[in-house]
Structures are given as C-alpha cells and as structure tokens.
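Morning, everyone. Please take a look at the structure on the screen, and then we'll walk through it.

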Amino acid sequence: MDAVALTVPEVSFPNGEPRPALGLGTWRFGEAADRRAAELDSLRQALEMGWRVIDTAEMYGDGGAESLTGEALAAAQRAGVPRGELFVVSKALPQHAGARALQAACEASLRRLQLDQLDLYLLHWRGDVPVGETVRGFEQLQRRGLIRLWGVSNFDLDDMRELSAVPGGRACATNQVYYSLSQRGVEHDLLPWQRVQQMPLMAYSPFDQGELVDHPRLRPVAERHRATPAQVALAWLLRQPGVMAIPKAGNALHLRHNWAAQRLKLTAEDLVELDRHFAPPRGRQPLAVR
Ligand SMILES: NC(=O)c1ccc[n+]([C@@H]2O[C@H](COP(=O)([O-])OP(=O)(O)OC[C@H]3O[C@@H](n4cnc5c(N)ncnc54)[C@H](OP(=O)(O)O)[C@@H]3O)[C@@H](O)[C@H]2O)c1
C-alpha cells in the first residue's frame with residue numbers, strides 16, 4: 001500500500017472529545033493459560049505501535065482479557081505513555097446492570113485493569129433490568145469518579161429511543177454494534193440516528209471474526225491499492241464519519257496491517273464495486289449480533 005502520511009481518522013464523542021477511530025478488540029484474549037504470554041506480547045506491541053483505544057469486557061475470558069489488558073496498560077504507562085492518551089473501554093454483563101450490581105462490577109473491572117477510572121463503560125447487551133436503572137448506576141459511577149463516559153452495546157434504534165427518553169439517557173456516549181461490509185443493516189436507521197445525536201457508533205467484528213480477511217470479493221480492490229483484503233474491509237469502515245472500528249488482532253503483523261489501513265483511501269470506483277458485492281440495506285433489518 002502507498003505510504004502516504006495522512007492524519008489518523010478520529011471520532012468525536014458527544015462531550016466534544018476527539019479519539020482515534022481505530023481501536024483494538026480483546027475478545028478471546030485471556031481464555032487459555034498457554035496463550036497468555038503471546039496475547040500479552042501482542043497487547044504490548046499494539047501499545048508500542050501507537051494503538052490507544054482498547055475495548056474489553058468483564059465477559060471476555062471471565063475477566064482474563066481485562067487482566068491482560070491491565071498488565072499491558074501498566075507497562076505502557078511505566079514506559080511513558082500518558083494515561084490521558086489512553087481510552088479504555090469495558091462492558092458490564094446484563095446481570096450486573098442493576099444500579100448496585102453495576103458498582104461492584106465496575107470496581108472489579110477496574111481492579112483487573114489496574115486503573116482508577118474507565119474512559120467508557122458500556123452495558124454489553126440489554127437484559128431484564130430497566131434501562132433507567134442502569135443509567136442511574138452509570139451516573140453514580142460518574143459521581144464516584146470511576147467512569148468518565150458511559151454507553152450501550154447491541155441496542156437497536158427502538159432501544160436507543162427508549163434509552164433517550166429516560167432521565168439522563170441522552171448522556172449516552174456510544175452504541176457498540178456489529179457493523180462490517182457484510183452486515184450493513186445499521187446504515188438504514190441506527191447509524192444516521194446516532195450521527196444526528198453526534199454519538200459515534202463503535203463497529204465490532206469489523207472482519208466478521210475473520211471471514212472477511214481474505215474475502216475473494218475484496219481482493220481486486222486490495223490489489224489496486226497494494227493492500228490486503230482485511231485492510232480494505234477496515235478502511236471501508238474508517239472512512240465513514242462517526243464510526244469507530246475495533247478489530248481484534250493477535251499478532252504483530254495483523255496489528256501493523258490494521259494500523260496501516262488508516263492510510264488507505266478508497267476511491268469512488270472502489271466504493272461502487274464494494275456496494276455491488278456487499279449491498280447496502282434496502283429497508284429496516286434486525287440488528288445483527290455476534
Ligand atoms: N459488544 C459486543 O457484543 C461485541 C461482540 C463481538 C466483538 N466485540 C468487540 O469487537 C472486537 C472485534 O471483533 P471480533 O473479535 O469479534 O472479530 P474481528 O475483529 O472481526 O476479527 C478478528 C479476527 O480477524 C483476524 N485478523 C485481524 N486482523 C487481521 C489481518 N490484518 N489480517 C488477517 N486476519 C486478521 C484475527 O486473527 P488473529 O487474532 O490471529 O490476529 C481474528 O481471527 C472484539 O475483540 C471485541 O472487543 C464486541
């Protein structure tokens with residue numbers, strides 16, 4: 001791929017805070033002892049390379065991904081990365097969405113992450129707890145200084161509208177959903193709605209958990225740019241205003257390729273070709289979930 005130095009794509013949160021539009025996923029990390037050293041190494045290399053947004057969750061590896069992330073973050077800060085440059089995101093399980101349970105879940109996440117404060121704390125998906133109660137829990141965490149921003153994940157447009165209507169609900173900073181070239185349903189309603197609210201959409205599984213990384217339909221576009229199909233899939237997301245993508249990568253080569261995708265500028269011709277193979281939604285679709 002042509003090495004043209006360009007500014008790194010960014011999104012702006014509703015409080016006006018700009019952050020990189022590219023973050024790192026950690027699902028599947030922290031699940032197996034024999035992969036621990038390699039996973040930690042990968043996280044360390046990511047931070048050395050310049051990755052600053054990290055997405056994790058209490059669910060991943062039953063806290064194991066947060067613990068690994070915590071070790072890598074501590075090492076990065078010892079090496080001089082300022083805390084303010086880092087944007088650490090974690091998520092609470094729906095069974096912890098009650099206002100009180102959320103306090104304990106967040107405290108446990110912070111302990112594992114070796115942090116005093118999360119930059120962004122999300123409800124992983126909606127369960128039985130009324131959203132208004134979860135919002136009260138988030139507000140309490142903010143008052144206690146344990147989180148800066150809060151948001152949700154796997155909410156469709158109806159869920160978002162319901163959330164907006166509860167007291168404090170409009171302070172939601174993001175909605176993290178499945179969005180990739182092959183899962184474009186959010187373009188019909190959710191993404192435009194979030195853009196009006198100036199609320200970035202965090203696109204998870206941007207490679208369809210690996211299915212897109214060598215997709216034959218992406219190869220011609222990739223070849224034109226001397227890039228890889230994975231880079232095309234990522235650049236396609238990163239070119240969109242208000243979209244943050246959080247690919248997971250478990251080795252230095254993938255991390256480097258994904259980092260370089262920030263410089264890949266798709267042409268109008270590329271976009272027409274991609275639309276032909278990965279059609280945009282024609283109507284409302286149920287929210288895709290992984
Ligand atoms: N909120 C939610 O409900 C939710 C759901 C799913 C995911 N997420 C978040 O989103 C993150 C990303 O989604 P994901 O983990 O489901 O899948 P993904 O990022 O779509 O795909 C990850 C897969 O792509 C491979 N890969 C990464 N970069 C590559 C490259 N440049 N070339 C070739 N292969 C590459 C990885 O392999 P290697 O590991 O070998 O590099 C891994 O197998 C998660 O880790 C998690 O943080 C959130």
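Let's start at the ligand. The residues of the shell around it divide into nine nonpolar, 14 polar and four charged. Here Ala, Val, Leu, Ile, Met, Phe, Trp, Tyr, Cys and Pro count as nonpolar, Asp, Glu, Lys and Arg as charged, and the others, Gly among them, as polar. Helix α9, residues 252–260, gives the most to this shell, with three residues.

Two notes on the model. This is a predicted model: local features need pLDDT of at least 70, side-chain atom pairs count only at pLDDT 80 or more, and totals for chains, interfaces and linings use all residues. Residues are numbered from 1 along each chain as its sequence is written. Helices (H or I, at least four residues) and strands (E, at least two) are DSSP runs, numbered from the N terminus.

Now the sheet. It is open, with eight strands in the order β3-β4-β5-β6-β7-β8-β9-β10, and the pairing is parallel. Two strands pair if DSSP finds at least two bridges between them. β3 (24–25) and β10 stand at the edges with a single partner strand each, so one side of each has no neighbour in the sheet.

Next, β9, residues 201–204. What covers its faces? Leu201 and Ala203 on one side, Met202 and Tyr204 on the other, and all are buried (20 or more other C-beta atoms within 10 Å of a residue's own, with C-beta atoms placed from the backbone).

Definitions and conventions. A residue is buried if 20 or more other C-beta atoms lie within 10 Å of its own, exposed if 12 or fewer, and partly exposed in between; C-beta atoms are placed from the backbone.
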